[in-house]
Amino acid sequence: MVPLLLRGGPTLVITHDAMLPPAHGDDGRRSPVLVLSSDPLAAALLGAAIELAGLAPWYPKLGESPRIALLRVRPRLVVIDCDHEDGCSEAFIGPALMTGSQVVLFRSRRTRRDMSEMAGRLGLRTVEMPQEHEELTSLLRELVH
């Protein structure tokens with residue numbers, strides 16, 4: 001907890017930063033993976049799969065743009081929901097690739113946007129969700145190692 005001084009006096013606020021591992025992944029042992037999703041449940045499920053693959057899932061902070069999250073986390077891999085307006089765009093994916101991050105797009109039966117043309121042009125992998133756990137774990141490990 002971090003004390004903040006507000007007009008009414010000190011207030012205790014729980015910050016999530018204090019609970020997060022260092023930006024390089026748990027003391028450098030686990031590679032960070034940035035998850036960008038417009039669906040909190042999908043993001044949580046992907047985060048669980050990422051942890052089972054031995055990696056460290058990271059998410060943008062509340063109100064944080066994907067680009068700022070990319071600079072903060074410095075991930076080896078970025079997993080992006082095709083329906084995420086800001087993340088699933090060439091304006092974000094281009095800089096992410098230039099930092100050396102791998103980028104994977106994911107979609108489900110509910111996905112509204114077809115990003116196959118952009119994915120093909122940029123050489124990105126697209127994963128259909130839900131996917132068998134072993135296959136997803138294998139893909140995540142392959143992309144980071």
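This is a predicted model: local features need pLDDT of at least 70, side-chain atom pairs count only at pLDDT 80 or more; totals for chains, interfaces and linings use all residues.
Close-up 1. Leaving aside neighbours within four places in sequence, Arg125 is in contact with Val103, Val104, Leu105, Leu139, Glu142 and Leu143. Arg125 sits in strand E7, which spans residues 125-128. Val104 is 21 residues away from Arg125 in sequence, yet their C-alpha atoms are 5.2 Å apart. Arg125 is partly exposed, with a relative accessibility of 37%.

**Close-up 2. The salt bridge between Arg125 and Glu142.** The closest N and O atoms of this pair are 2.8 Å apart. Helix H5 (residues 133-144) supplies Glu142 and strand E7 supplies Arg125, so the bridge ties together parts 17 residues apart in sequence. Glu142 is partly exposed, at 47% relative accessible area. The two side chains are also joined by a polar contact of 2.8 Å.

**Close-up 3. The salt bridge between Glu90 and Arg121.** Here the N to O distance is 2.7 Å. Glu90 belongs to helix H3 (residues 90-98) and Arg121 to helix H4 (residues 116-122), so the pair links parts 31 residues apart in sequence. Glu90 is partly exposed, with a relative accessible area of 41%. Arg121 is partly exposed as well, at 44%. Glu117 joins Glu90 and Arg121 in a network of salt bridges.

**Close-up 4. The salt bridge between Glu64 and Arg72.** Their side chains meet at 2.8 Å, N to O. Both Glu64 and Arg72 are buried. Across the whole structure, a search finds four salt bridges.

Notes
Residues are numbered from 1 along each chain as its sequence is written. Side-chain values use heavy atoms; hydrogens and water are left out. Helices (H or I, at least four residues) and strands (E, at least two) are DSSP runs, numbered from the N terminus. Buried means under 20% relative accessible area, exposed over 50%, partly exposed in between (1.4 Å probe, protein chains only). Contact means heavy atoms within 4.5 Å. A polar contact is a pair of N or O atoms within 3.5 Å; within protein, one must be able to donate a hydrogen and the other to accept it, and residues adjacent in sequence count only if both atoms are side-chain atoms.
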